[in-house]
Amino acid sequence: MIECRNDEEISKLLEEIESNEALQDDLEFHHPVKKNPKIIIYRFEEDLDPDAALKLIKDQNEELRESEVKHEYLMKTPRGDNWIISLDPKSFRKIMETGKINIGWYRINLREYIRPRQCFQCFKFDHVAKKCLK
Ligand SMILES: [Zn+2]
């Protein structure tokens with residue numbers, strides 16, 4: 001599998017494929033919509049301003065300097081906000097190796113965030129409402 005990072009690379013690759021008959025037979029071209037991985041940062045201080053915090057983490061974490069970090073959402077908990085952000089796969093791997101993120105004066109634990117499938121009918125996990133047996 002070949003991964004392309006941007007449109008320029010994609011068109012270059014397409015050109016190459018189109019100009020090479022042998023390749024054309026062997027390759028199928030897909031254009032998948034790839035979702036960036038998400039991480040969850042635990043119990044950030046209250047009243048997080050996502051824009052300011054995004055700037056902070058890019059400044060303070062070597063791993064994220066060049067990354068495409070995006071605010072996803074805030075999960076309110078009684079002990080502070082959990083902050084969920086998405087980022088490009090390369091930076092994701094780097095920051096996961098560290099396992100922590102610097103924000104302001106803090107060094108906070110993070111984890112990969114995988115949203116489980118949840119049924120909106122019975123609120124159990126691992127199936128969606130369409131397939132609910134209730
Ligand atoms: Zn259900």
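This is a predicted model: local features need pLDDT of at least 70, side-chain atom pairs count only at pLDDT 80 or more; totals for chains, interfaces and linings use all residues.
Over how many bridges do strand 1 and strand 3 pair, and in which sense?

Residues are numbered from 1 along each chain as its sequence is written.

Strand 1 (residues 38-44) pairs with strand 3 (residues 80-86) over five bridges, in the antiparallel sense. Strands (E, at least two residues) and helices (H or I, at least four) are DSSP runs numbered from the N terminus, and two strands pair if DSSP finds at least two bridges between them. The bridge partner of K38 in strand 3 is S86, while I41 stands opposite W83 of strand 3.

Strand 1 is also joined to strand 5 (residues 106-112), by three bridges, and these two strands run antiparallel. Here I39 has E112 of strand 5 as its bridge partner.

The open sheet consists of five strands in the order 2-3-1-5-4, with antiparallel pairing. Strand 2 (70-77) and strand 4 (100-103) each have a single partner strand at the edges, so one side of each lacks a neighbour in the sheet. From one strand to the next, the twist averages 30°.

Helix 3 (residues 50-60) packs on the sheet, touching strand 2 and strand 4; contact requires C-beta atoms, placed from the backbone, to lie within 7 Å. The direction of helix 3 makes about 115° with that of strand 4. Axes are lines fitted to C-alpha atoms, for helices over the stretch in contact, and angles between N-to-C directions run from 0 to 180 degrees.

Conventions. Two residues are in contact if their C-beta atoms, placed from the backbone, lie within 7 Å.
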